[in-house]
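Here is a short briefing to read alongside the sequence and the model. It starts with the place where two chains meet and then turns to a single residue.

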Amino acid sequence: MIALLLGLAAAAPLVPIEGGKYLPLYPPDPEQPVTDVASFQIDATPVTRAEFAAFVTAQPKWQRGQVAALFAERAYLSSWATPTDPGGRPNGPVTEVSWFAARAYCAAEGKRLPTEDEWEYVARASETSYDATQDDAWLGQILSWYAKPGSDDPPNVGQGMPNLWGVHDQHGVVWEWVEDFNNTLFGTDGREGGDEDELRFCGSGTLSATDVRDYARFMRIAFRSSLQGTYTTAQLGFRCAADGVTP
Amino acid sequence: MSRYFFTPLLALALGCGAPAPTALAPTEAPTTGGSKAGDFGPPVGEPIQAELTNAPNVPAPTNRTAPAKVVVELEVVEKVMPISEGVDYTFWTFGGEVPGKFIRIRQGDTVEFHLQNHPDNKMPHNIDLHAVTGPGGGAASSFTAPGHASQFSFKALNAGLYVYHCATAPVGMHIANGMYGLILVEPPEGLPKVDREYYVMQGDFYTVGKYREKGLQPFDMQKAIEENATYVLFNGSEGALVGDNAITAEVGETVRLYVGNGGPNLVSSFHVIGEIFDKVYTEGGTFAQENVQTTLVPAGGATMLEFYVEAPGTYILVDHSIFRAFNKGALGMLKVDGDDALDIYSGKEVDSVYLADKAASSAPIAEASAAAAAGSLTKAQQIEAGKALFAGTCSTCHQADGTGVKGVFPPLAGSDYLMADGKRSIGIVLNGLSGPVKVNGEDYNSVMPPMSQLNDDEVANILTYVTNSWGNEGAAISASDVAGVRATSKAPAGAAH
């Protein structure tokens, strides 16, 4: 079984992303909201259960039951059949993983987690545009996934059309860890009207937002804000990134 | 011990401590003292697990006389449920239904609140209870990822009926998906006892498909921003308070409704058709307004209202922004059982043709009436008055020319049945007639209602007219003839319907 899983566990190809200008929902500096994103690379698909099984097999300290409580809470991989066997759906996205475990996986691949800006920069792209954030139909499609309950298993990765960069599954499969998942909430970045509790309640989160109509982005940020590094929820996976290749 | 310590203890033991209104100057309005007077000290006794109920039910009164520690455990569940027949929607719920569970505590209680976010949920959630004194109303302290639980505590310093809701960004969407409910903070002496209490909460919903378009309908952000609701509902679905799900009461009972409005956008003009609210604790506050027809319930607000029910039947709950009731679902029912109270409400007594200016002149009726009073009434005057009355009351069925409708409404013109027995005819006008009769050889089996709205003069004039028209020839019928029959026959109970 493990051999079979390992056989399937070919790492996702990295897709090169050309850097550019990007407007975060909560710019660190409201005076200069547009942020530069340097060129980088990102996995075409989220990390699968088979891929993660291969990782924990190679690095037993990341297996359920062996991982330090400091790095993953009790629900870590708890639905797996055994500590090394997900028990089916090898091509489904791995979930129930902590931020620490996701980072360790990427490091083992010689990669890293994408930053929030990198992840969101790529996630703006539809199948036909690099920046579809003003496309209401596209926003509506994304929103419909967020609005569905998460009790069903997520679909396998890599199905359906990639976005214009060639990246799959940023919307409609699982939430994904980013390196700086809670910087919006906890960063002491001098944001105007800045308050640690901002975003955590009511309309206060809209005060300094750059696009109050992008509900999907609000939901992603709210979701990330609710996390701690040890959390392992059933609808949260990840993909890896790497720095840009110098031309 | 000094007086300092003794006084509050005594107050506690007596179960008072709150709104014993202080002696007031005549111009001063009564006051409870607000939150300043709402802290009755630390919780007394063992912690109590709060009884939580789904709408339309309300937990029993706390019946406590001292502040307690109350443990509330509320689980957030995201689930698909019907919003209308054949239409599903993904609701985000406090406790598995919309509206969320009703929480009932007493002023001065310390609430230990546990918010649990089910592991299958996709969203982080939190709760802002309007009954909380403190920044965010609990929202920041209860912000919880899926598969986690948060705990915070608050002391309920103000009595009243309060909305709670999720306040996670984007907050409008969390509320639009059903994340709201009510928490009642009883005043220390409790609320006046009533016979029935119900929980009704309005909310507006925004779906991509049109009203009642079948299938699983996703949330429509644009419609929500435009405040263009697809559904406006009581208790989260179109059937929640109608038919078998209607709330009920008996004649002679006092009903209290706890009415909330989760919004997210619309203000409710809450009204119960056919009832007048004897009391409305406007906006869920302490002092009641009396004798109110329609009360405004703000989005994110609530009201308590009470009414005594005198007459049986079905009372319709609506948002009197009335297109919402007829075209968006804002409709519920209160079914009241019990004996008729016809003196309070008769039901329909008369359904007559209204001819406006086409009607026969009523002058002959007035003339006959004056003549009768003067004792000079002639048969001709009776016939003229009877003709005018007949046109208004009788001609709908028996037709203007007295020929009736064959097989349905018996003829009066040339009618053997009519002319055979004058007293019987008087009795039929007074008391109605149902069951089989044979008229001019034809069988009839229908119902004539009693004409209980006519007085003796009017019945006499009508019958004089019909027994002396269209070929009929009879004697004049006098008011005293009618009075005689009226005295010896009795209208069946409820026949006025």
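**Where chain B meets chain A**

In this predicted model, the contact between the two chains draws on 32 residues of chain B and 30 residues of chain A. About 2,700 Å² is buried between chain B and chain A, and carbon and sulfur atoms account for 70% of that area.

*The chain B side*
- B:Lys122, B:Phe143 and B:Met221 together provide 24% of the area that chain B buries against chain A, more than any other three residues.
- Strand E2 (69-84), strand E3 (87-94), helix H2 (171-176) and helix H3 (221-225) of chain B are the elements that each give two or more residues to the side touching chain A.
- By residue class, the side of chain B that touches chain A splits into 19 nonpolar, 9 polar and 4 charged residues.

*Polar links across the interface*
- There are 0 salt bridges by the rule applied across the interface of chain B and chain A.
- Polar contact joins 3 residue pairs between chain B and chain A, with both residues at pLDDT 80 or more.

*A look at B:Thr230*
- You will find B:Thr230 in the loop between H3 and strand E12 (231-234) of chain B.
- Is B:Thr230 buried or exposed? B:Thr230 has a relative accessible area of 7%, which is under the 20% cut-off, so this residue counts as buried.
- The side chain of B:Thr230 comes to 2.9 Å from the backbone nitrogen of B:Thr207.
- Beyond its neighbours within four places in sequence, B:Thr230 is in contact with several residues, including B:Phe205, B:Tyr206, B:Tyr211, B:Lys223 and B:Lys328.

Key: Residues are numbered from 1 along each chain as its sequence is written. Chains are lettered from A and ligands numbered from 1 in the order in which they are written. Side-chain values use heavy atoms; hydrogens and water are left out. Contact means heavy atoms within 4.5 Å. Buried area is the accessible area (1.4 Å probe) that two parts lose on being put together, summed over both. A salt bridge is a side-chain nitrogen of Lys or Arg within 4 Å of a carboxyl oxygen of Asp or Glu. A polar contact is a pair of N or O atoms within 3.5 Å; within protein, one must be able to donate a hydrogen and the other to accept it, and residues adjacent in sequence count only if both atoms are side-chain atoms. Helices (H or I, at least four residues) and strands (E, at least two) are DSSP runs, numbered from the N terminus. Ala, Val, Leu, Ile, Met, Phe, Trp, Tyr, Cys and Pro count as nonpolar, Asp, Glu, Lys and Arg as charged, and the others, Gly among them, as polar. Buried means under 20% relative accessible area, exposed over 50%, partly exposed in between (1.4 Å probe, protein chains only).
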